[in-house]
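Student: I would like to learn how to read the inside of a protein model. Could we go through one slowly, feature by feature?

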Amino acid sequence: MVAPGCPRRLALHLDQRFTKQRRLLKAAEFGAVFEAADFKVSAPALVILARNTHQSQARAGLVVSKKNAGCAVSRNRLKRLLREVFRKRAATYAPLDLVFLVRPGLSRMDNPEIIALAETLMDELARKAARASARANKS
């Protein structure tokens, strides 16, 4: 909730925060997506798995292993960029639990390339979810 008198610019910013309600936090939450993903979009360097959820908003989890991303600085950069892409677009998506899986090669890409790749995959995921929703409504 935004405080009365809060500038609109700040209010918009607060709505886009990456709060605990927008994150997958427990191993069981990650496991549910891995075991029963409804949607999957991928590129050679990044995979996004998604599962329909009963939550009121989309949530995201990140899997960035040392094997695939190298040093801690590189892993943190990748996580920061992927969180940012999700954070800016989360309000426009259906309630899905998403898991971003980083594959080898993503850490060698520049920031704009990573953002563009993640946005492309998120858009593809949104199209798949919308088609599945439309098919379910027809039945």
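Tutor: Let us begin with a single side chain, bearing in mind that this is a predicted model. Leaving aside its neighbours within four places in sequence, Met122 is in contact with Ile48, Val85, Phe86, Tyr93, Leu98 and Phe100.

Student: Which residues touch the most other members of the largest nonpolar core?

Tutor: The general idea is that, in soluble globular proteins, nonpolar side chains tend to be buried together. Here the largest nonpolar core has 30 residues, and those touching the most other members are Leu46, Ile48, Phe86, Leu98, Phe100, Leu106 and Met122. At least two residues of this core come from each of β1 (39-43), β2 (46-52), α4 (72-89), β4 (96-102) and α5 (111-138), with α5 giving the largest share, seven residues. There is also a second, separate core of six residues, among them Phe30, Val33, Val47 and Leu49.

Student: What is the nearest side chain of opposite charge to Arg77?

Tutor: A salt bridge needs the charged atoms to be within 4 Å. Arg77, which belongs to helix α4, is buried yet has no salt bridge, and the nearest side chain of opposite charge, Asp110, is 6.4 Å away.

Student: Is Glu35 buried or exposed?

Tutor: Exposed means over 50% relative accessible area, and Glu35 is therefore exposed, since its value is 73%. Glu35 lies in helix α2 (residues 27-35), and its C-alpha atom is separated by 9.6 Å from that of Arg51, 16 residues apart along the chain.

Notes: Residues are numbered from 1 along each chain as its sequence is written. This is a predicted model: local features need pLDDT of at least 70, side-chain atom pairs count only at pLDDT 80 or more; totals for chains, interfaces and linings use all residues. Side-chain values use heavy atoms; hydrogens and water are left out. A nonpolar core is a set of buried Ala, Val, Leu, Ile, Met, Phe, Trp, Tyr and Cys residues joined through side-chain atoms within 4.5 Å. Buried means under 20% relative accessible area, exposed over 50%, partly exposed in between (1.4 Å probe, protein chains only). Helices (H or I, at least four residues) and strands (E, at least two) are DSSP runs, numbered from the N terminus. Contact means heavy atoms within 4.5 Å. Lys and Arg count as positive and Asp and Glu as negative; His and the chain ends are not counted.
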